[in-house]
Amino acid sequence: MLQFASYSIVFQEVPGEVTLAINLSGCPNRCKGCHSPHLQENTGRLLDSSALAELLEKYGSAITCVCFMGGDAAPDEVEQLAKFLRQKTGGRIKAAWYSGKPELPAGCSAESFSYIKLGSYIERLGGLDSAATNQRFYRIDNRQMADITKCFHKKCLPTNAT
Ligand code: SF4
């Protein structure tokens, strides 16, 4: 079961997209120095297709992407919601996923998403905006995962640069 603690419209989490970021609670990862410890609790509202449809009704015309922030306790449900989003919007609104796992879980297909962030949070290495980060951010095109992590760094190239 997925629950969300909060959501907001953001501009930096997914390069080039206006994103509804949904902060999922119940995180199982327990990273040392966790930047959002409240997301380790099982709190908030149920996130299922009905709740997502409700958010799309409110914000769908203002966004180009929905990003599931977390959800590592139920990756199959995150993938199902990504598929629901694609079907419900005809692909107009892209699906992104910020996972704290180093790899996609077995049985999960990258093709269900347009963007995926992988990698645990390691305090001394920092998040995606740190040049030293262990985390990777991918854009999925034609079944290929392109690493575009550099787009989070200050001297980055444009998203579509090679
Ligand atoms: S994945 Fe994020 S929310 Fe979960 S423990 Fe690590 S830093 Fe905290």
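**Note on the ligand shell, the sheet and a helix pair**

1. The ligand is surrounded by Cys27, Asn29, Arg30, Cys31, Cys34, His35, Ser36, Leu39, Gln40, Gly100 and Tyr121, a residue being near a molecule or strand if its C-beta atom, placed from the backbone, lies within 6 Å of it. Sorted by class, this shell holds five nonpolar, five polar and one charged residues, where Ala, Val, Leu, Ile, Met, Phe, Trp, Tyr, Cys and Pro count as nonpolar, Asp, Glu, Lys and Arg as charged, and the others, Gly among them, as polar.

2. The model is a predicted one, in which local features need pLDDT of at least 70 and side-chain atom pairs count only at pLDDT 80 or more, whereas totals for chains, interfaces and linings use all residues. Residue numbers start from 1 along each chain as its sequence is written.

3. An open sheet of eight strands shows mixed pairing and the order 3-1-2-4-5-6-7-8; strands (E, at least two residues) and helices (H or I, at least four) are DSSP runs numbered from the N terminus, and two strands pair if DSSP finds at least two bridges between them. Strand 3 (45-46) and strand 8 (144-147) stand at the edges with a single partner strand each, so one side of each is left without a neighbour in the sheet.

4. Strand 4 (residues 65-69) and strand 5 (residues 94-98) run parallel and are joined by five bridges, with Cys65 standing opposite Lys94 in strand 5. Helix 2 packs on the sheet, where it touches strand 4 and strand 5, and its direction makes about 160° with that of strand 5; angles run from 0 to 180 degrees between N-to-C directions, and axes are lines fitted to C-alpha atoms, for helices over the stretch in contact.

5. Strand 6 (residues 115-118) pairs with strand 7 (residues 136-141) in the antiparallel sense over four bridges, and the bridge partner of Lys117 in strand 7 is Phe137. Strand 7 is in turn joined to strand 8 by four bridges, the two running antiparallel, and Tyr138 has Asp147 in strand 8 as its bridge partner. The hairpin of strand 7 and strand 8 has two residues between the strands, and in this hairpin Asn142 takes a positive phi near 45°.

6. The axes of helix 1 (residues 49-59) and helix 2 (residues 75-89) come within 11 Å and cross at roughly 45°. Ser49, Leu52, Ala53 and Leu56 in helix 1 meet Leu81, Phe84, Leu85, Lys88 and Thr89 in helix 2, contact requiring C-beta atoms, placed from the backbone, within 7 Å.

Terms used:
Contact = placed C-beta atoms within 7 Å.
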